[in-house]
Structure formats: structure tokens, C-alpha cells
Amino acid sequence: MKWSRLFVIISLLGAGLVILFLFGGTVLWPGSQPAEQLPGEPPVGSSARTISPAPGTSSITVTSSPAQETEKTAEPTPVPAEKSTPLPSFPAAGTISAAKNPFTISTDALEQRVHDLINQQRTARHLASLRFDPALADIARKHSEDMAAQDYFAHVNPAGQNPTARGISAGYTCRKEYGSYYTYGIAENLFQNNLYSSATYYSNRETVYVWNSPEEIAQTTVGGWMNSSGHRENIVTPTFDREGIGVAIAPDEKVYITEDFC
């Protein structure tokens, strides 16, 4: 076979989507001590690279999600169109762009778009919209930036801090009184997206990328969460009244999205 005809296609399954969730704060009865938050069901949708070798050989799938996580492969469906009214185009300020990516990605605008789509899901269910909390967004953003910088994907960071502990270290606590009981702790959804959905490598010309638009990244993120019962429960919990969204883009073009609730 001539090298000029040899090519390899690398496709990030379902746009390379990875999602995790952590249920809301632990319910505590009066006089009890705060307990560690417990994870809910296993996360859905692992990141994978499907490598299609030259004709005549078998294909292989390499799972690239962290070994310590229990993952199930899934292909999240975007949020239904009737629940996702497009917003104006993203501003160009504070942008991060990959080489030859035709889309300009503003992390600030992407955070706001994800927040808007979350509230569309709540209002469609006759729930009050979540307020965007800048302090909570800062906690979420720092976690996304840490995952991007240290190349991990988990609710607990390398320092051993879960969302509530990360909030406390930043001077933020979430406690809500309900008469005979109260809740304590930050709930969290995580999503790992990608700047591109596939890349085709050729021996005799440049690699061809299929890039994701900011709208596609936002839609597939919220759609993935809504198609996972644990993530969806966080999004539609009636007692949550605020959230923070934090986005960071890693050097390998992964997009880390953290959603924290209180």
C-alpha cells in the first residue's frame, strides 16, 4: 500500500464527552456533625478514542478516562431544540483559540451559555431559575483550571478536597435551614468536552479537524447532564437557588466544565 493513500481517523466518541456528578449537600439533623458527601450513581459517558487502522486489520477502542472512576460508555443527546432557544453570538473578549480552529471560544461566554441552558431546563419544569453566583463560579472555575493543568477528572482534587472542602478553603459555605433539619454542602456536576469531535490524519497532507462550535459544546454538555439521572437531579433540585459555572481549556484541547450548586 502506498503511503500517500494511508490515513488514520481518530474520532472522539460522542464528541469526546465525559460527565460526572456529585449529589447535593448531606442532610443533617440538628446537633449532628457535617458528614462527607457521598457520590451518587456511577458517572455516565466515558471519553474514548476509536482508532480505525488501515483496511484489513481490526479496530481498537482505547478508553482514556481516569482508572479510579467507574465509567459506562454512552452517547449523550443534545438538549431538545424546543427547550434551547439560541442566544446571540459569543463575544470575542477573553478568548482561547486552538490552532486553525475557526471558532473563537470565550470561556466567560461559554459559562453564561451553559447557565442559560440550565435555567431553560428548570423553567420548562416550572422551577425557579438559578441565580448565577460569582463566588460559586470562581470555585467551579478554579476546579476546572486545576483539572486542565494537572490532567485529571474527578470531584476530589489531588489535595483530597471535595466540592464542599474546596468551597470552605475559599471562604464559601452552603447551609440551608428547613425547620427541623438543614442541608450542608456544595453539589457538583462535571463534564469533559472537546474543542473538536474528530481528526483525520493523512501522510501527504495536513490533518483535517471537525471543530465544535461554542453552541455545540454548551448544548452537548447540558444534554449529557440531562440524560444522566444523577446530574439531572442536581439540575432540577427545587431547593437549589444558585449555581456557578467554571470552564477551562487544557493544552490538549479538552474542555473542562464544572457546575457547582447551593
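Which residues of α5 are buried? In this predicted model, the buried residues of α5 are Pro214, Ile217, Ala218, Gln219, Thr220, Thr221, Val222, Gly223, Gly224, Trp225 and Met226, and the views below begin with this helix.

**View 1. Helix α5 is largely enclosed by the rest of the structure.** From its first C-alpha to its last, α5 reaches 18 Å, which is close to the 18 Å expected at 1.5 Å a residue. In general, an α-helix has 3.6 residues a turn, so residues three or four places apart point the same way.

**View 2. Helix α2, residues 107-123, is mostly covered.** Among the 17 residues of α2, 13 are buried.

**View 3. The largest nonpolar core has 27 residues.** Within this core, the residues with the most contacts are Val114, Val255 and Ile257. The elements that each give two or more residues to the core are α2, β11, β12, α5, β14 and β15, and the largest share, five residues, comes from α5. As a general background to this view, nonpolar side chains tend to be buried together in soluble globular proteins.

**View 4. Strand β11 runs antiparallel to strand β15.** Eight bridges join β11 to β15, the latter made of residues 254-261, and in this pairing Asn189 stands opposite Glu259 of β15. Strand β11 covers residues 187-194, and eight of its eight residues are buried. Ala187, Asn189, Phe191 and Asn193 point one way from the strand, whereas Glu188, Leu190, Gln192 and Asn194 point the other way, and the residues of both sets are buried.

**View 5. Cys174 and Cys262 form a disulfide.** The structure holds one disulfide, in which the sulfur atoms of Cys174 and Cys262 are 2.0 Å apart. The torsion about the S-S bond of this pair is about 100 degrees, so the disulfide is right-handed. The pair links distant parts of the chain, with Cys174 in the loop between α4 and β9 and Cys262 in the segment after β15, 88 residues apart. Both Cys174 and Cys262 are buried.

**View 6. Tyr196 and Tyr209 form an edge-to-face aromatic pair.** A pair of aromatic rings is described by the distance of the centres and the angle of the planes. The structure holds seven aromatic pairs, and in the one formed by Tyr196 and Tyr209 the centres are 4.9 Å apart, with 75 degrees between the planes. Tyr196 lies in strand β12 and Tyr209 in strand β13, so the pair ties together parts that are 13 residues apart in sequence. At 15% relative accessibility Tyr196 counts as buried, whereas Tyr209, at 32%, counts as partly exposed. Ring pairs also bring in Trp211, linking it with Tyr196 and Tyr209 into a cluster.

**View 7. The charged ends of Arg175 and Arg205 sit over tyrosine rings.** The charged end of Arg175 sits over the ring of Tyr182, 3.6 Å from the centre of that ring. In the other example, the charged end of Arg205 sits over the ring of Tyr202, and here the distance to the ring centre is 3.6 Å.

**View 8. His126 and Glu253 each have a positive phi.** Most residues other than glycine have a negative phi. Phi of His126 is near 60 degrees, and this residue lies in the loop between α2 and β8. Glu253, with a phi near 75 degrees, lies in the loop between β14 and β15.

**View 9. Pro134 and Gly244 are 6.5 Å apart in space.** This distance is taken from C-alpha to C-alpha, while in sequence Pro134 and Gly244 are 110 residues apart. Pro134 lies in helix α3, residues 134-150, and at 58% relative accessibility Pro134 counts as exposed.

Terms used: Residues numbered from 1 in each chain as written. Predicted model: local features only at pLDDT ≥ 70, side-chain atom pairs only at ≥ 80, totals over all residues. Heavy atoms only, no water. Helix = DSSP H or I, 4+ residues; strand = E, 2+ residues; numbered from the N terminus. Expected span 1.5 Å × (residues − 1). Buried < 20%, exposed > 50% of the residue type's maximum accessible area, 1.4 Å probe, protein only. Pairing = 2+ DSSP bridges. Disulfide = S-S within 2.5 Å. Phe/Tyr/Trp six-rings, centres within 6.5 Å; stacked < 30°, edge-to-face > 60°. Lys NZ or Arg CZ within 6 Å of the ring centre and 35° of its normal. Core = buried A, V, L, I, M, F, W, Y, C linked by side-chain atoms within 4.5 Å.
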